[in-house]
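Open the model in your viewer and keep the sequence panel beside it. Each stop below gives a selection and what to look for.

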Amino acid sequence: MSIVTVQLGQCGNQIGHEVFNAICSDVHSTHGLCSKKENESYHDACKERFFSEKESEGTAFKCLFPTEGLVSSLIQIRFCFSSYPVPVARAVLVDMEPKVISQTLSIAARSGYWKYDDRSHFCQKQGSGNNWANGYSVHGPRHKEVIMNLVQKEAEKCDRLGGFFTIMSMAGGTGSGLGAFVTQCLRDNFPTSFILNHVIWPYGTGEVIVQNYNSVLTLSHLYQSSDALLVHENDVIHKICAQLMNIKQISFRDVNQVIAHQLGSVFQPTYTAEGGLHYSRNPLGDLMETLVPHPEFKMLGLRNIPQMPENSLAYSTFSWPGLIKHLRQMLIANAKMEEGIDWQVQPPRLGSSIPSSHSTNKPLHFNTSIANLVILRGKDMQSVDLGSFQDPSLYTSWLSPQDAFNTWKTPRAFNKYEKSASLVSNSQFLLKPLDDVVGKAWNMFASKAYIHQYTKFGIEEEDFLDSFTALEQVISSYTVL
C-alpha cells in the first residue's frame with residue numbers, strides 16, 4: 001500500500017525532502033549480502049510506498065538500479081539517459097510562504113534520483129506569523145478546498161492507499177496551526193485511512209515566545225484526529241549531532257538528516273512476520289496495530305542505533321547482542337541515544353510498586369511501556385535473541401508481552417550500516433517534556449499573556465481551556481501506567 005506524505009510549513013518541507021533523500025540513498029545502495037531477487041523485491045516495495053513514476057522527458061539522471069562492473073554501469077547509465085521513469089514522490093507540499101517550497105522542488109529535481117510532482121504543492125506570499133490561530137482559523141478554512149484537492153489527486157494516483165504521513169513542527173504557525181487543520185480534514189475526507197503525524201518538538205530554550213501555546217493547541221487537536229503521533233525532540237537530535245555525529249557547527253540540515261535517517265529506518269520495507277517471504281504491504285496499518293492498542297495512548301518515540309559519521313563506519317564493528325543490550329537499556333532508562341545511558345535503572349520486580357515517571361523525586365525513573373517494536377536490518381538478523389524485550393516487567397499490566405512486543409526484520413542493511421536496530425515505543429518517554437510545555441503554557445495563560453494575539457483570529461479562552469484539559473488527561477493516563 002502507498003503512503004501519501006503531507007509536508008506542512010518550513011520544517012515539514014525541509015524534513016520531508018531529507019526523508020525522501022534518505023529513502024532513495026538506501027535504495028541506491030548496493031547490498032552484496034542480498035540476492036538480486038531480494039534487492040528487487042525491496043526496491044519494488046519501497047517504490048510502491050513512496051513513489052509513482054513519470055517519464056524523464058529526455059533529461060539525464062542517475063540510474064535507479066546500481067550495477068557492478070564498469071561496462072554494465074555504462075550500459076545502465078546510457079539506458080537511463082532518456083527514457084527511464086523518474087521516481088516522483090507521493091507527496092503534497094504546503095506552506096504559506098513560497099521560498100522553502102521553491103528551494104525544495106528545485107533541489108529534489110537536481111538530485112537526479114527523484115523529484116516532486118510540480119503540481120502537488122501549494123504556497124502563498126504571506127506566512128502565519130508563528131501564530132497557531134492564524135494557521136488554523138484563517139489559512140486553513142481559506143485554502144481548504146485547494147489543499148484537499150491536491151491531496152485527493154495524490155491519493156487517486158495510488159493503486160491502494162495505506163494512509164497519510166504528515167510532517168510538521170509544533171512551534172510556528174503554519175506547520176502547527178494549518179497542520180492541525182489539514183489533519184482534521186484528512187480524517188473527515190478519508191475516515192478509513194490511517195493518519196500518522198510526525199511532530200517536531202521545539203527546543204526547550206525557546207524558538208518563538210508563544211511556542212508553548214502553539215504546542216498545546218497542536219497536540220490537543222492532533223490527538224482528536226490522528227491515529228498516532230511520532231515525536232522527535234529538537235534538543236535530543238541536536239545532542240546526537242554534537243555527540244554521536246561529531247558535527248561542530250550544527251545546521252538545521254544536519255538535524256533534519258538525522259531525523260530522516262531514523263524515519264527511513266522505520267518505514268523502509270521489512271518482513272513483519274517471522275520467516276515471512278514478502279515485505280509488508282501496509283506499513284502504517286502494521287505500525288498502528290503493533291503500537292497503538294488503545295486510543296488514549298497515541299504518543300510514539302523513536303530510537304535508532306548505531307549512529308555515527310559515515311567516515312567512521314568502515315572502522316567500526318557491531319554485534320547484535322551489544323546493540324540489543326544498549327537499545328533495551330535506552331528504553332527502560334528513557335535515554336534517547338546510546339551515549340550517557342544510566343545503567344542503574346532496572347525494571348521493577350513484578351508485584352512491587354513502580355515509582356511514577358511523573359514524579360520529580362529522582363532525576364530518572366523506569367520508563368514503563370505499553371508496546372514496543374524493534375526493527376532489525378542487516379546480516380545475521382535471524383539469529384538475534386530478543387527475549388529481554390519480552391520481560392513482563394517492561395510493560396503495563398493490561399497487555400501481555402506477547403501482544404505488547406513485536407519485531408520486524410530484513411537481511412538488507414540500511415544506508416551503509418552493516419547492522420542497525422530501531423525501536424519505536426509507546427511509553428512514558430514524553431511525560432516530562434509534555435508536562436513542562438503544558439505548565440509553561442498554563443503560566444502564560446494565567447497571566448493572559450499574548451491571548452489577544454489568538455482571540456483576534458477566533459481562538460477563545462475556552463479553546464485554550466479545552467486543550468489544557470485534553471492534555472492533562474493524556475498526562476494522567478500515561479502517568480498511571
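**Stop 1: the sheet**

Select Ser2, which stands opposite Leu161 in S6. This is a predicted model, in which local features need pLDDT of at least 70, side-chain atom pairs count only at pLDDT 80 or more, and totals for chains, interfaces and linings use all residues. Residues are numbered from 1 along each chain as its sequence is written, and side-chain values use heavy atoms, with hydrogens and water left out.

Helices (H or I, at least four residues) and strands (E, at least two) are DSSP runs, numbered from the N terminus. Two strands pair if DSSP finds at least two bridges between them.

Now extend to strand S1 (residues 2-8) and strand S6 (residues 161-169). They pair in the parallel sense over 6 bridges. Show the rest of the open sheet: 10 strands, mixed pairing, in the order S5-S4-S1-S6-S7-S8-S9-S12-S10-S11. Go to its edges, strand S5 (121-123) and strand S11 (405-410). Each has a single partner strand, so one side of each is left without a neighbour in the sheet. From one strand to the next, the twist averages 20°.

**Stop 2: helices on the sheet**

Select helix H9 (residues 252-267). H9 packs on the sheet, touching S1, S6, S7, S8, S9, S10, S11 and S12. Contact means heavy atoms within 4.5 Å. The direction of H9 makes about 100° with that of S9. Axes are lines fitted to C-alpha atoms, for helices over the stretch in contact, and angles run from 0 to 180 degrees between N-to-C directions.

H10 lies across S1, S6, S7, S8, S9, S10, S11 and S12, and runs at about 75° to S7.

**Stop 3: a pocket and a cavity**

Both come from a 1 Å grid over the protein atoms alone: a cavity is a set of points where a 1.4 Å probe fits but cannot get out, and a pocket is an open set with protein on both sides within 12 Å along at least five of seven lines. Lining residues have an atom within 4 Å of a point. Grid points are joined across faces, edges and corners, and a volume is the space filled by probe spheres set on the points.

Select Met245, Gln257, His261, Glu310 and Asn415. Of the 20 residues lining the second largest pocket, these lie nearest its centre. The space in this pocket is about 620 Å³. Which helix gives the most to the lining of the second largest pocket? H9 does, with 6 residues.

Next, the largest cavity, with about 110 Å³ of space. Select Val231, His232, Glu233, Gly301, Leu302 and Arg303, which are among its lining residues. S8, helix H8 (234-244) and S9 each supply at least two residues of this lining.

**Stop 4: a ring pair**

Select Phe297 and Trp398. Rings of Phe, Tyr and Trp (its six-membered ring) pair if their centres lie within 6.5 Å; planes under 30 degrees apart count as stacked, over 60 as edge-to-face and the rest as tilted. The whole structure has 21 aromatic pairs. The centres of Phe297 and Trp398 are 5.8 Å apart and their planes at 35°, so this pair is tilted. Phe297 is in the loop between H10 and S9, and Trp398 lies in the loop between S10 and helix H12 (401-404), 101 residues apart.

**Stop 5: backbone exceptions**

Most residues other than glycine have a negative phi, and most peptide bonds are trans. Select Ile305 and Pro306: a cis peptide bond joins them, with omega about -5°. Pro306 sits in the loop between S9 and helix H11 (320-332). Finish at Asn246, in the loop between H8 and H9. Asn246 is not a glycine, yet has a positive phi of about 55°.
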